[in-house]
Amino acid sequence: MVNSHKKNGPQVTIIMSVHNGESYTNEAINSILGQTLTDWEFLIVNDGSTDGTKTILKQYASDDSRIKILTNPKNIGLTKSLNLAIRQAKAEFIARQDADDISAPSRLEKQLIYMKTHPTIAVLGCLDSSFNEDGIIQTATDNKLSPAQIKQYLRRGNLF
């Protein structure tokens, strides 16, 4: 979660980009719909999908007014698509969701509480697990990193 310094609209804007994600996007969206925190907007960028993604997204947006679809006529890539969503965000805090992520039900609530009680924090990550097509966990991250450890890891790549 990132503090965007905006202070109008919902508490959290979730941003997600998807390109040809019809086989897994439902689970990602449903995990946001199932959050304990409900004061959010969900900006989903359809990044030039050529499969059934557009139909799936359109249905979710028609069922829940907190979901807004932004459409790229052609695939422009993850970074440009996320920047498009960030420019449209109305919330003070921005949360990232990948189209193949499944967020724990209390993720947004816990992250928002942490960000509000630690105002000097600019970026917050969370623990994760990777699983296969059968839902079996392959890897799990269960250790919290100190700021010094994060700085060290960031020299080699992006943790967030």
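**Close-up views of a predicted model**

Phenylalanine 42 is buried, at a relative accessible area of 0%. Buried means under 20% relative accessible area, exposed over 50%, and partly exposed in between (1.4 Å probe, protein chains only). This is a predicted model, in which local features need pLDDT of at least 70, side-chain atom pairs count only at pLDDT 80 or more, and totals for chains, interfaces and linings use all residues. Residues are numbered from 1 along each chain as its sequence is written, and side-chain values use heavy atoms, with hydrogens and water left out.

**View A. Tryptophan 40 and phenylalanine 42 form an aromatic pair.** The count of aromatic pairs comes to 1. Rings of Phe, Tyr and Trp (its six-membered ring) pair if their centres lie within 6.5 Å; planes under 30 degrees apart count as stacked, over 60 as edge-to-face and the rest as tilted. Tryptophan 40 and phenylalanine 42 are edge-to-face, with 6.3 Å from centre to centre and 85 degrees between the planes. Tryptophan 40 is buried, at 3% relative accessibility.

**View B. The charged end of arginine 66 sits over the ring of tryptophan 40.** The distance to the ring centre is 3.7 Å. A charge sits over a ring if NZ of Lys or CZ of Arg is within 6 Å of the ring centre and within 35 degrees of the ring normal. Arginine 66 also meets aspartate 64 in a salt bridge (2.7 Å, N to O). A salt bridge is a side-chain nitrogen of Lys or Arg within 4 Å of a carboxyl oxygen of Asp or Glu. Aspartate 64 is buried at 15% relative accessibility. Arginine 66 is partly exposed at 23%.

**View C. Arginine 96 and aspartate 98 form a salt bridge.** Their closest N and O atoms are 2.6 Å apart. Arginine 96 is partly exposed, at 30% relative accessibility. Aspartate 98 is partly exposed too, at 27%. The structure holds 2 salt bridges.

**View D. Helix H1 spans residues 25-33.** Helices (H or I, at least four residues) and strands (E, at least two) are DSSP runs, numbered from the N terminus. Thr25, Ala28, Ile29, Ser31 and Ile32 are buried in H1. Seen down the axis, these buried residues fall within an arc of 155 degrees, so they line one face of the helix. They pack against strand S2 (12-18), strand S3 (40-47), helix H2 (53-63) and strand S4 (67-72).

**View E. Threonine 25 lies in helix H1.** Its relative accessibility is 0%, so threonine 25 counts as buried. Leaving out residues up to four places away in sequence, threonine 25 touches Met16, Val18, Leu57 and Ala99. Contact means heavy atoms within 4.5 Å.

Technical notes:
The arc is that of the directions from the helix axis to the C-beta atoms.
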